[in-house]
Amino acid sequence: MRVAVYLAREEEGDHTKSDELNLYISVCPEADQLWWEARRQRTKEPWSIIWISSQMPFSWACHLRENFRKQNAMIRGKTSIQGWRRWTESILQEKVSQEPGKDGMKLLRDCLDIKIVTLRGTNQAEEVIHSLYDDAVEAAEQLAGRQLLLLEAEALLAENVPSMQTECKAAIQLGYLAGRITYEAAVAEQVPHKKRRGLGHWLLGRGVQLHCRRCGSVAAEQSPCAACGSSACAYCEACLALGRSRACALLLRGAAPPAVNGAAGGFPTVADSRWGLSPAQSAATGAALAYLAEQRHASSAAAKGRFLLWAVTGAGKTEMTFPLLDAILSSGGSVLVATPRRDVVLELAPRVARAFPEVTRATLYGGSSDRWRRGELTLATTHQLLRFRHAFDLVIIDELDAFPYHNDPMLAYAAEACCKPGGSFIYLSATPPRELQKQAAIGKLAHARVPVRFHRHPLPVPLLLKVPSVQQLLKQHKLPAELLRRLTFSIERGAQIFMFVTRIAQIDALLHLLRRTMPDLRVEGTSSEDPLRAEKGMAFRDRTIRLLVTTTILERGVTVPKSDVYIFDANNRLFDAASLVQMAGRAGRSKDDPAGNVVFAAPERSLSQKEAVKQIKRMNTIARRQGYLVGKESAGDLV
């Protein structure tokens with residue numbers, strides 16, 4: 001987009017107070033005119049505005065602003081229009097040269113309309129500014145802790161403060177002039193950072209590049225832009241789903257309040273009695289509460305705390321977070337719970353509402369009606385974090401090892417940015433990334449391990465069953481006798497059967513084979529491409545569907561009582577150890593059927609299968625050693 005650019009200075013007689021000179025950007029020049037006229041009226045001193053442009057590409061305006069700050073001493077004494085024109089043209093030559101052919105010079109000529117205006121204060125200007133100032137304060141408060149493109153900010157204000165609709169840009173501009181809202185180019189040059197290890201690591205590159213300031217990604221693409229007139233306006237492809245982030249787009253950031261100072265602490269027994277936690281859950285939650293309390297008294301106010309809750313599948317991670325949420329919320333702080341998928345957010349929302357009925361809540365995902373709602377407690381998909389900056393005292397990242405969060409620097413960048421300086425992260429995972437496991441092992445990452453489920457029975461240990469690949473089974477048009485025997489056992493004991501495969505393309509053919517083999521059983525298939533997957537998921541929970549063939553889309557966040565799990569082609573490289581552990585974790589989650597059965601069906605053992613079994617057995621060993629188990633462990637082996 002294009003904006004107005006000007007300099008304002010205070011004068012006393014013939015002496016120019018150049019240290020008062022500053023460069024401003026405006027999305028509503030009328031508001032600036034009134035602002036300075038009102039100041040002139042209050043001080044009774046002469047004021048001048050030097051208008052550089054009324055329609056400069058925003059990326060150029062930001063470039064001019066940065067160089068103005070660097071060269072403030074060099075521009076003292078400039079008083080003529082020609083002097084300001086020469087200075088402006090010299091600074092913008094870099095931007096002009098980036099345009100193809102003569103487009104840059106034409107754009108420069110079109111956007112420069114320099115004039116010097118001496119203001120005369122009026123009572124009317126002061127009255128208008130006074131009437132608009134409440135709107136400016138409201139706009140700043142609505143934008144606090146957020147980072148939004150201008151169109152998004154206008155949508156936010158239109159929905160939350162409908163009385164402001166006609167004066168929306170004026171209110172935003174006055175918030176900017178008052179120093180409570182900042183304007184940044186959504187895509188701009190960024191100096192490389194050093195690589196940081198651990199969650200949120202980010203390597204920006206070796207040279208100065210254009211980066212998206214919303215998501216952190218390199219913005220290498222350029223295109224002609226009708227909004228600013230540039231023939232080579234850079235934009236970011238990585239976060240297009242949230243609106244186009246361009247070099248000429250305004251990224252508005254509201255000032256966020258500091259992190260809360262209230263103590264967040266407690267004792268495991270308190271957490272146990274109020275929230276009904278098991279001994280293992282209570283011990284881990286108590287450790288996390290103690291860490292949060294220690295973090296709030298740490299010497300470095302800007303440092304962010306990080307704590308890993310390493311809990312097995314079905315351990316009740318959601319319930320363990322409730323005391324942590326309560327500790328921050330009762331101190332007047334704000335909390336974000338971020339999870340990779342929309343369906344998990346929707347499943348969490350009613351549980352959180354029951355636990356915290358008096359707290360204002362916002363539930364954010366693509367298409368959410370709460371899009372612009374502010375809550376003390378926010379549930380969101382990880383992509384929604386891109387709209388926040390320094391907004392939350394506590395950020396809980398659920399399933400940080402899952403798609404799309406895992407190995408996506410953009411989402412790690414967003415998570416890092418949305419936490420306040422001095423705030424804390426809690427990471428939840430049954431299968432943490434290897435780097436975090438390493439940091440926890442050497443004491444660099446505070447953590448607590450929950451090696452047992454809430455019902456205190458051991459995790460089911462997978463059975464490694466040697467069978468041909470799915471491709472071979474489909475060619476043979478039959479299931480091996482041992483596999484069929486185990487499926488029959490699962491059916492007769494009344495279990496719901498998860499059957500995982502590696503490829504969506506295999507589902508229909510496998511369904512045909514299963515239906516022919518077991519004609520009396522309702523068998524269905526689903527995947528990320530299935531428009532009816534939600535309905536099939538409900539029918540599976542309701543036991544209308546007894547066997548569900550699926551992909552890793554159901555490896556997490558799904559609890560179906562009395563389930564058995566069969567993983568075909570478990571040796572496939574698409575199934576790493578973490579994925580196998582998660583899929584195996586669908587079995588034995590119910591206290592009424594805590595054992596369950598898990599079968600790794602594959603032509604051969606793989607390192608991932610061995611590692612998955614090893615992890616499960618290790619957690620059972622730790623749980624037994626710590627006195628948490630009440631049942632006997634099963635033994636997986638190769639058949």
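This is a predicted model: local features need pLDDT of at least 70, side-chain atom pairs count only at pLDDT 80 or more; totals for chains, interfaces and linings use all residues.

A: Helix α18 spans residues 577-584 and helix α19 spans residues 607-625. Their axes come within 8 Å and cross at roughly 55°. The crossing in which α18 passes α19 is right-handed. On the α18 side the contact is made by A577, L580, V581 and A584; on the α19 side these meet S608, Q609, E611, A612, Q615 and I616. By class, the residues of the contact of α18 with α19 comprise six nonpolar, three polar and one charged.

Another helix pair can be described in the same terms. Helix α2 (residues 58-70) and helix α3 (residues 81-97) have axes that come within 10 Å and cross at roughly 125°. That angle makes α2 oblique to α3. The passage of α2 across α3 is a right-handed crossing. From α2, the residues S59, W60, H63, L64, N67 and F68 take part in the contact, and from α3 the residues are W87, T88, I91, L92, E94, K95 and V96. The contact of α2 with α3 has seven nonpolar, four polar and two charged residues.

Most residues other than glycine have a negative phi. R456, however, has a phi near 70°, a positive value. R456 sits in the loop between β19 (446-450) and β20 (463-466), and with a relative accessibility of 26% R456 counts as partly exposed. Phi of R543 is also positive, near 70°. The loop that holds R543 runs between α17 (533-541) and β23 (547-550). R543 has a relative accessible area of 38% and is therefore partly exposed.

The cysteines remain. Zero disulfides are found in a search of the whole structure. C236 is in no disulfide, and the nearest cysteine sulfur, that of C215, is 3.6 Å away; a disulfide would need the two sulfur atoms within 2.5 Å. C236 counts as buried because its relative accessibility is 0%. For C419, the closest cysteine sulfur is in C418, at 6.5 Å, which is too far for a bond. C419 also counts as buried, at 0% relative accessibility.

How values were computed:
Residues are numbered from 1 along each chain as its sequence is written. Side-chain values use heavy atoms; hydrogens and water are left out. Axes are lines fitted to C-alpha atoms, for helices over the stretch in contact, and angles run from 0 to 180 degrees between N-to-C directions. Helices (H or I, at least four residues) and strands (E, at least two) are DSSP runs, numbered from the N terminus. A crossing is left-handed if the near helix is turned anticlockwise from the far one by less than a right angle, and right-handed if clockwise. Contact means heavy atoms within 4.5 Å. Ala, Val, Leu, Ile, Met, Phe, Trp, Tyr, Cys and Pro count as nonpolar, Asp, Glu, Lys and Arg as charged, and the others, Gly among them, as polar. Buried means under 20% relative accessible area, exposed over 50%, partly exposed in between (1.4 Å probe, protein chains only). Angles under 35 degrees count as roughly parallel, over 145 as roughly antiparallel, 65 to 115 as roughly perpendicular and the rest as oblique.
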